[in-house]
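Work through the exercises below with the model open. Each task is followed by its solution.

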Amino acid sequence: MEGVLRSQDLAAPMAAAAAGAAEVARAHAAAVDRDAVFPAAALAALREARLLAALVPVPLGGLGLPLGRVGAICSALAEACSSTAMIFAMHQVQVACLARHALDQEWHRHFLRRVAADGLLLASANSEAGIGGDLRTSRCAVLRDGGRFTVRKQTTALSYGAHADALLLTARRGEDAAPTDQVLLVALREDCTLERTAGWDALGMRGTCTEGFLVDAAGSEAQILATPFGTIAGETMVPASHLLWCSLWVGIAADAVGRARSFVRAAVRGDRSGAAPPGGPRLALAVEQLQMLQAQVTASLQRFEAQADAEPASLAAAIESNALKTGVSEACLAVVQNALRVCGFAGYSNAGRYSLSRHLRDLQSAPLMINNDRMRDTTARLLLAAAPVLGIV
Amino acid sequence: MNAELRSILDKHGRLGVPATGLDEAADLFRFGLDSIGIVNVMLAVESEFDVEFPDALLTRQTFSSIASITRVVRQLQSAPV
C-alpha cells in the first residue's frame with residue numbers, strides 16, 4: 001500500500017480517532033492539572049490512533065496530513081486538555097521540521113519510519129541557559145570525532161523531556177562556530193543522559209512537565225541535519241509552532257465559550273419570566289471574538305499549506321506569523337475573560353461544570369511562550385523592511 | 001563594494017559560514033540568511049552605501065546573493081529613487 005494511500009482517504013477516520021483521543025484526554029484533564037503529571041493515557045491514545053505520525057509522509061508509513069488537519073486536531077484536544085494539546089503540537093512541529101528539511105538524508109528517512117511505526121514522541125531541546133530565550137542563538141557546541149558527535153546542553157525548559165523518545169536539539173555547528181551558526185540534530189533517548197535541574201510547578205499547562213535538564217547526547221554525525229538551523233527555524237519551526245499553538249489556544253477559548261453558553265442556557269431554563277438572560281450579550285460578544293480568531297487561524301493555516309514545501313519564508317510571511325501569535329494569544333485570553341464574566345462565580349470556582357480556572361491558567365502561558373513583548377520588537381524591526389498585506393486579497 | 005558587503009554579511013547576516021569565502025552567486029538563504037538577517041543587512045547596506053531601498057526592491061530576490069545585492073545597490077547609486 002505504500003505510496004498508494006492518499007491522506008484525504010484518511011481524513012474521516014482520523015477525525016474520529018482524534019475525537020476518541022480527546023475523550024481520553026478529557027477524562028484525565030483535571031488530574032493532570034491538579035498533580036502536574038504527564039498526560040500518559042491521552043498520549044497513549046494518540047499513539048494508538050497513529051496520530052503521532054500525522055505529519056510523517058505517507059511513503060514513510062505516516063498519515064501525511066496537511067498542517068490544517070493537525071491544527072484542527074490540536075484545537076479539538078485543547079477543548080479537552082490543554083497540556084495534551086500542547087504536547088501534541090510541539091511533537092508535530094518537530095516532525096514537520098524533519099519532514100520538510102531532512103528527507104534527503106537517509107538517517108532521517110529511516111528515523112521518520114520509526115516515528116511512524118513505533119509512535120515515537122519527539123521533544124524540543126531548544127531552550128538554553130544564558131541565551132536570553134533567543135531561539136537563533138546557542139552556547140553549546142557539537143563536538144565531532146571520527147564520524148560521531150557529543151553535545152552537552154543546559155536546557156531551561158524542555159517540555160515532557162522525561163517522557164520523550166527523542167530530542168531535537170540545537171547547538172553551534174562546532175567549537176569555533178558563532179552563536180548563530182546553529183545546527184539541529186536528533187538525539188535518541190537511549191543515547192542521552194538527562195539530569196533534572198529544574199522542576200515544573202507552574203500556574204497552568206501543568207501536564208507539559210516543562211522541566212530543565214542538563215542533557216548529554218551522543219550519536220552519529222548523520223543525525224545532524226544538513227540544512228542550517230536558521231533556514232529550518234524561519235521556514236518551518238517558527239511558523240508551524242505559531243500556527244499549531246494558535247489552533248490549540250482557540251480550542252481552549254472555544255471550550256470556555258461552550259461552558260458560558262451552557263451556563264446561560266441553564267439560567268434560562270430555571271427562569272420562567274422569559275426575560276433575556278443577563279449574560280447573553282456578553283456570551284454573544286465572546287462568540288464574535290472567537291469567530292474572528294477561528295477565521296484568522298484557519299486562513300493562516302491555509303496560506304501555509306499553499307506554499308510549496310519548504311519554500312523560503314518571505315518577510316511578509318514572518319510578519320504575519322508573528323502577528324498571528326501575539327494577537328491570537330492575547331485575544332484568546334480576552335475571550336475567556338468574557339466567558340468568566342458570563343459564568344460569574346461558577347466560572348471562578350476551581351471545580352464544577354462551569355469552572356474556567358484551568359482555561360484561564362493554561363492560557364496565561366500563551367503570551368509568555370516566546371514573550372509577546374519581545375516578539376513585537378522583532379515584528380517592528382521586520383516592518384522596516386517589508387510592508388505586510390493588510391487589505392482583503 | 002564587494003569587501004564591504006561581505007563584511008556587512010558577516011556582521012549582520014547571521015550566516016552559517018563566513019561570507020568572505022562565498023561565491024558571488026551563492027544562495028544566501030541556503031547559508032542561513034533569515035528574515036531578521038535580511039533586515040539587519042538592509043539597514044547596514046543603506047547606511048554604508050548611502051542608498052534607500054524602495055519597497056518594490058525589498059524582496060527576497062534582492063537579498064538572495066552577493067551578486068544580486070551588488071547589482072541593486074549599483075542601480076540605486078546610479079539612479080537614486
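**Exercise 1.** State which domains chain A is assigned.

Solution. The assignment gives domain 1 (7-120), domain 2 (124-223) and domain 3 (229-382) of chain A; such bounds come from an automatic or database domain assignment. The model is predicted, with local features needing pLDDT of at least 70 and side-chain atom pairs pLDDT 80 or more, while totals for chains, interfaces and linings use all residues. Residues are numbered from 1 along each chain as its sequence is written, chains are lettered from A in the order in which they are written, and side-chain values use heavy atoms, without hydrogens and water.

**Exercise 2.** Describe the contact of domain 2 with domain 3 in chain A.

Solution. Start with the centres, taken over C-alpha atoms: 29 Å separate those of domain 2 and domain 3 of chain A. Next, list the contact (heavy atoms within 4.5 Å): 14 residues come from domain 2 of chain A and 13 residues from domain 3 of chain A. Finally, take the buried area (accessible area, 1.4 Å probe, that two parts lose on being put together, summed over both): about 1000 Å² between these two domains, 70% of it on carbon and sulfur atoms.

**Exercise 3.** Describe the interface of chain A with chain B.

Solution. Count residues: 19 of chain A are in contact with 18 of chain B. Then take the area: about 1500 Å² is buried between chain A and chain B, and carbon and sulfur atoms give 59% of that.
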